[in-house]
Amino acid sequence: MRNLLELQEQLLPDLMDILKRRYTILHQIMLSGMVGRRTLAASLSMTERVLRAETDLLKAQGLIEIETLGMRISSSGQNLLDQLEPVMNDLFGLADLEDKIREAYGLRKVVVVPGDSESSADVKRELGRAGARTLLNYVNSGDIIAVTGGSTLAEVAEQMSPPSAGPLTGSWFVPARGGLGESMEIQANTIASKMAKKVGAEYRLLHVPDLLSDDAYQSLVQDHHIRDIVNVIRRSCVIVHGIGDAMEMAHRRKLDEPSIKDLKAEGAIAESFGYYFSEDGTVVHRMLTLGLRLEDIMRTETIIGIAGGRSKAKAIHAVLKFGHEDILVMDEAAALEIAKSLD
C-alpha cells in the first residue's frame, strides 16, 4: 500500500503537467481560430515533433479538426475548454489571484485570463472573450448598457456572440460619452452598435465629440435630440468600460501642454469614463463631455471594468480605489503586478 501511495505521489505531478500542456495547446488553437502546426509550435515554445504527437491525440479524441490550412477547435473541444476552465484556473493559480484582488478591493467578482495582453494578440482576444462572456452574465432583457471606447472594448465587441437564452430584446446599448476622435473601430458608438447587433438588442448613438469647449457644450446640451439620448445614457443600469493610463489618454485626446502639466501636478495616473484619478482613487480632473456624469456612475447597478497589461496595473488600482467598481476582468500580467503591491 505504501509503495502504491508513493507511486501515486510521483505520477500526479506528471499527469498535471500533461493536462496543463494539452489544455494550453487546445486553448491556443481556440484563440487562433485557424493555425498551422509550425506557427503554433513557435508560439508555445514547443518542438514540432512533440506538438504533432499532442495534436494527433487531440484530433483522435474529436477535440480539434486538422485541415490543409491548419488546425481549428471542434465544438466538442470548445465544450471541453468551457468545462475545464474553472479547474485549470486553480491549477494555474489564477483562482487565488482572483480571490486576492476581489477581497482587497471589495469587488463582486474578478476574472483573470492567463498571459499579457500587451505582448500577445491572442491574450488580447482572450481578454475580450472573457469580457464578453462576463458582460452577458450580468445583462438582462430591458437593460440599458453604456459602453466606452478603446481597443480592449472593441475586442469585447468582436468576441460577443448571441446569448444561449436568446436575443436581448428590449435592451439598449449606448455610448457612455462622445467619440474620442480616433479610428471608427474603437469609438464607443461603433462598439455599442456592434455589441447590440450581435446579441439582438437595440442601440442609440451619440454623435458629438468627446472633448468639448464651454460654448460647444452649452450649445449641444440645448439640442433636444442630444438631450434625449443623453438622458437614455444616464439611465444605464450596466456600464462596461476600459481603463487607461492618464498621460497616454491625455496625449490621445490631444490635450495642450498646460493641461497635461496640471494633470501631472494633480497626481493623475488613471483615466476612465472621461475622469482622471490619482493613486488613492480621488477624481482630480474631469473632461467637459456629454454622457455619463460621476453621479450616474456612482448609482449604476453594475459596473464592469476590463483592462490588461502589466503597465496598466497602477491605473487599474487607482480606478478600483475610487470604490465603485463591481466586476473586473483583467489579464494575468496586470493581476500579478497588483497582487505584488498588496503583499
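Here are a few notes on local features of this model, which is a predicted one.

1. Most residues other than glycine have a negative phi. You'll find S45 in the loop that links α2 (37-43) to α3 (48-60). With a relative accessible area of 70%, S45 is exposed, since the cut-off for that is over 50%.

2. F273 is another non-glycine residue with a positive phi, this one about 60°. F273 sits in the loop between β9 (268-272) and β10. Is F273 buried or exposed? Its relative accessibility is 3%, so F273 counts as buried, the limit being under 20%.

3. Next along, have a look at D280, in the loop between β10 (275-278) and β11 (283-286). Which side chains does the D280 side chain contact? One is S278, through a polar contact of 2.5 Å. Another is T282, where the polar contact is 2.8 Å. As for G267, D280 is 13 residues away from it in sequence, with 9.6 Å between the two C-alpha atoms.

4. Last, the charges. There's a patch of negative charge on the surface, formed by D256, E257, D262 and E266. One of these, D262, belongs to helix α12, which covers residues 257-265. D262 has 46% relative accessibility and therefore counts as partly exposed, because that class runs between the 20% and 50% cut-offs.

Notes
Residues are numbered from 1 along each chain as its sequence is written. This is a predicted model: local features need pLDDT of at least 70, side-chain atom pairs count only at pLDDT 80 or more; totals for chains, interfaces and linings use all residues. Side-chain values use heavy atoms; hydrogens and water are left out. Patches are made of residues with over 30% relative accessible area and no salt bridge: like charges are joined within 9 Å, nonpolar side chains (Val, Leu, Ile, Met, Phe, Trp, Tyr) within 5 Å. Accessible areas come from the Shrake-Rupley method with a 1.4 Å probe; for residues, only the protein chains shown count as cover. A salt bridge is a side-chain nitrogen of Lys or Arg within 4 Å of a carboxyl oxygen of Asp or Glu. Lys and Arg count as positive and Asp and Glu as negative; His and the chain ends are not counted. The place of a charge is taken as NZ of Lys, CZ of Arg, CG of Asp or CD of Glu. Helices (H or I, at least four residues) and strands (E, at least two) are DSSP runs, numbered from the N terminus. Buried means under 20% relative accessible area, exposed over 50%, partly exposed in between (1.4 Å probe, protein chains only). A polar contact is a pair of N or O atoms within 3.5 Å; within protein, one must be able to donate a hydrogen and the other to accept it, and residues adjacent in sequence count only if both atoms are side-chain atoms.
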